[in-house]
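Please keep the sequence and the 3D view side by side while reading.

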Amino acid sequence: MTLRPVRRADGPLYKNWLRDPTLAGWHGNALDPTAEFRRVLGSRYNFIVEAGGNVVGHVAIEADWERDTSAELGIVIDPLHHRRGYGKRAVSLALAFAFRETRTHRVWAGVLGNNAPALRFFRDIGFSEEGRAREVRLDGDEWIDYVHFSMLRREWAHRM
Ligand SMILES: CC(C)(COP(=O)(O)OP(=O)(O)OC[C@H]1O[C@@H](n2cnc3c(N)ncnc32)[C@H](O)[C@@H]1OP(=O)(O)O)[C@@H](O)C(=O)NCCC(=O)NCCS
């Protein structure tokens, strides 16, 4: 598995992930796929995940690097490649990048409370649930919480 920069040729696949309703938990917002792809293209902090020569997903560590000591992790693995350990390995590489290449103290991720796979995923890979913003989004007639997970630099170092 490798992480590499986002290239122009990744556009169609990346935009399809943004449009895929089953992946909506990834970003939680209605993003404009074209504008979003323009933003991630060539960004030092956005990566395409490759496994066995195939593009299998995207992972990003985002922060206001001038000021922040917290960085937000976002990950999507193409549904064709779920449950093969790619997400876990991609996060592991992204954390190594964040803690080795930046001064980040804390990497966090936000997950909607109805996104059961991602809730289980972050718990399974060693993130701590640190808080819950209550009823941030209406899904049909049900209010959904937003759950924050994080990993601190020392926790990551302890796992190495
Ligand atoms: C969450 C996501 C990244 C997981 O990717 P993945 O490559 O399928 O995950 P992995 O194979 O590495 O799974 C690692 C562990 O996470 C948990 N997990 C992952 N998917 C799960 C699912 N659908 N149901 C239950 N547990 C799940 C399991 O504990 C799994 O370990 P196991 O397979 O040995 O039981 C993927 O489902 C995805 O892209 N979801 C949409 C985007 C999103 O919600 N991103 C998170 C918000 S940033």
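**Core, sheet and exposed sites**

In the largest nonpolar core, which has 27 residues, Leu73, Ala94 and Val107 touch the most other members. A nonpolar core here is a set of buried Ala, Val, Leu, Ile, Met, Phe, Trp, Tyr and Cys residues joined through C-beta atoms within 7 Å. At least two residues of this core come from each of strand E2 (46-51), strand E3 (54-62), strand E4 (70-77), helix H3 (86-101), strand E5 (106-112), helix H4 (116-124) and E7. The most is given by H3, with 7 residues. Helices (H or I, at least four residues) and strands (E, at least two) are DSSP runs, numbered from the N terminus. A residue is buried if 20 or more other C-beta atoms lie within 10 Å of its own, exposed if 12 or fewer, and partly exposed in between, with C-beta atoms placed from the backbone. In soluble globular proteins, nonpolar side chains tend to be buried together.

The model is a predicted one, in which local features need pLDDT of at least 70 and side-chain atom pairs count only at pLDDT 80 or more, while totals for chains, interfaces and linings use all residues. Residues are numbered from 1 along each chain as its sequence is written.

Ala94 touches Leu3, Phe47, Val59, Ile61 and Leu73, leaving aside residues up to four places away in sequence. Two residues are in contact if their C-beta atoms, placed from the backbone, lie within 7 Å. Of the contacts in the protein chain with a separation of 6 or more, 58% are between residues 24 or more positions apart. Buried residues account for 25% of the 160 residues.

The protein chain has 5 helices and 7 strands, in the order β-α-α-β-β-β-α-β-α-β-β-α from the N terminus. For 160 residues, a compact globule would have a radius of gyration near 15 Å, and the 15 Å of the protein chain agrees with that. This radius is taken over C-alpha atoms, and the globule rule is 2.2 Å times the number of residues to the power 0.38. Along the principal axes, the C-alpha atoms fill a box of roughly 40 × 40 × 35 Å.

Two strands pair if DSSP finds at least two bridges between them.

E3 and E4 pair in the antiparallel sense over 6 bridges, and Glu62 has Glu72 in E4 as its bridge partner. E4 and E5 pair in the parallel sense over 3 bridges, with Ala71 opposite Val107 in E5. From E4 the chain crosses through H3 to E5, and this β-α-β crossover is right-handed. That term applies if, with the strands pointing away from the viewer, the path from the first strand over the helix to the second runs clockwise.

E5 and E7 pair in the antiparallel sense over 7 bridges, and the bridge partner of Trp108 is Ser150 in E7. Strand E6 (residues 128-139) and strand E7 (residues 142-152) are also antiparallel, over 8 bridges. These two strands form a hairpin with 2 residues between them, and Gly140 in the turn has a positive phi of about 65°.

Most residues other than glycine have a negative phi. Glu135, in strand E6, has a positive phi of about 50° although it is not a glycine. Glu135 counts as exposed because it has 12 C-beta neighbours inside 10 Å. Arg83, in the loop between E4 and H3, has a positive phi near 60°. With 9 other C-beta atoms within 10 Å, Arg83 is exposed.
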